[in-house]
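User: Hi! I have a new model open and would like to go through it with you, piece by piece.

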Amino acid sequence: MPTTRRTVVFVGFSGDWTRFLGRMDPDELIIFIEEPDVVRKRKVRDQLASLDCTWQLIEWEHQRPGSADAFLAEFGDLRAVAVVPALEYAVPFAARLAERYGLPGAGLGAALVLRDKSALRRVSAAAGVANPVSWEVRTLDEVRSFVTEHGLPAILKPADLQASIGTYVLTSESEIPAAWEQVQDHSDGSDFLPDRPTPSRMLMETFVSGTEFSVELLVSDGECLFGNVTGKQLFPGPYPVESGHTVPADIPGDTCARLLLDTQRLVDALGFRTGFIHAEWIVSDGVPHLVEAAGRLAGDMIMPLINHAYETDMIAAFLDVMRGAPVSVPLPNQPRLRTAVQFVAVDAGVIEEVAGVEEARAVDGVMEAFIFAAQGDEVRELRNSFNRVAFASAAAATTGEAVDAVQAATDRMVIKTVPVKTV
């Protein structure tokens, strides 16, 4: 597929990215690379059909080792100007392809560590970052051995999945067998994974009690150009699913500085070169403990919250650094507004009624309000981020006002379920 057009390559298809593509240079070609199974399951071609830009889709098994080098052998004549990881599972391929095209990127070494939570623990701990105790476990006996040595509560989670899939907070030894069986079910995220068998690697980790945050850094050649700390809230229960965010986090300056410093320490330890870092932390007794980190843009509406709070265009800034170009938008040190998002979960069952979206959007300060589920859809128990059914986001002069606005908006949403009928 030879072309002389300047080409921006997106690895992995994200519906979130499609909302930003209208601002791309109309002279550029957009190429999406996605796994054939994912293209089919997520109906990617149908989603791309409505885009108002020139695009092509290349079906390629990018989640296989060595696949970026194989891609370059076939498509080395692309006039690529940027390679962008659009999803978590695309980070290593994007990093390697950028290296091969001679473009800015995370670097393959950093990307591989970021995609392996066990390796990330070893590297970050060696750099002086606080981590929970973490074991890779393969059997129920190894889970029980960890609990015997380190006690409860403890976290059981996959080493390489996203969106809290397969993550469980154990609080009783009696929960272990059922939890072990349950966390093997990755069906909620299967649309983002190829159908070919992939080994499941699980971790057991000590539970860190504290307040959760994430840090978002825009990095160019190892230097931080922008940093933000996001406050995070979770739904109650054994599944650590995020219920909301505030940007920036309403915390003392010294705590914010420590989180930013430790995230930069992580960047340095990884040798991360250029791109975006989204690192999650729990602050316990004043010390940030690393939860996990990703080498791509933050999800869960955090990027729109940053854009509104800081009155900038972080997507444009990110694309600038991935092109190796000067950043073309302002990157303020301080926000002008405070923003928040709140997600909605409902009881498992079949959606019987959906209403109140327009009423939610009418709340003063609300930026967006949306219900994902429709009448007749089946909703599963809240075990990961894919099981949430709605959200509202807002901006205001204070964090409290923004939180009040999203609460008022979600209160106006009506999403009723009825139990699934069994035969």
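User: Let's start with V39. Which residues does V39 touch, leaving out those up to four places away in sequence?
Analyst: Leaving those out, V39 touches E34, V44, R45, L57 and E59. A contact here means heavy atoms within 4.5 Å.

User: Before I go on, what should I know about the numbers?
Analyst: This is a predicted model, so local features need pLDDT of at least 70 and side-chain atom pairs count only at pLDDT 80 or more, while totals for chains, interfaces and linings use all residues. Residues are numbered from 1 along each chain as its sequence is written, and side-chain values use heavy atoms, with hydrogens and water left out.

User: Thanks! Is V39 buried or exposed?
Analyst: V39 counts as buried because its relative accessibility is 6%. Buried means under 20% relative accessible area, exposed over 50%, and partly exposed in between, with a 1.4 Å probe and protein chains only. V39 sits in helix 2 (residues 36-41). Helices (H or I, at least four residues) and strands (E, at least two) are DSSP runs, numbered from the N terminus.

User: Moving on to the cores. Which residues touch the most other members of the largest nonpolar core?
Analyst: In that core of 61 residues, they are F10, W17, F32, L156, M204 and F318. Helix 12 (residues 314-323) supplies the largest share, eight residues. Another core, of 27 residues, lies apart from it and has A95, A111, V267 and A279 among its members. A nonpolar core is a set of buried Ala, Val, Leu, Ile, Met, Phe, Trp, Tyr and Cys residues joined through side-chain atoms within 4.5 Å.

User: And what does M204 touch, again not counting residues up to four places away in sequence?
Analyst: Quite a list: V133, S134, W135, V137, V143, F146, V147, A154, I155, L156 and L170.

User: How many bridges join strand 6 to strand 7?
Analyst: Three bridges join strand 6 (residues 154-158) to strand 7. L156 has Y168 in strand 7 as its bridge partner.

User: Which residues of helix 8 are buried?
Analyst: V143, F146 and V147 are. They cover an arc of only 95° around the axis, so they lie on the same side of helix 8. That arc is taken from the directions between the helix axis and the C-beta atoms. On the other side of helix 8, D141, T148 and E149 are exposed. Just after helix 8, G151 takes a positive phi of about 80°.

User: Why is strand 14 described as largely enclosed?
Analyst: Because six of its seven residues are buried. Strand 14 pairs with strand 18 in the antiparallel sense over seven bridges, and F343 stands opposite F391 in strand 18. Strand 11 pairs with strand 14 over four bridges, also antiparallel, and V247 stands opposite T339 in strand 14.

User: Last one: which residues of helix 14 are buried?
Analyst: In helix 14 (residues 399-411), they are T399, A402, A405, V406, A409 and T410. Seen down the axis, they fall within an arc of 130°, so they line one face of helix 14. D404 and D411, on the other side, are exposed. The cover over the buried residues includes strand 11 (242-247), strand 14 (338-344), helix 13 (357-361), strand 16 and strand 18.

How values were computed: Two strands pair if DSSP finds at least two bridges between them. The expected span of a helix is 1.5 Å times one less than its number of residues.
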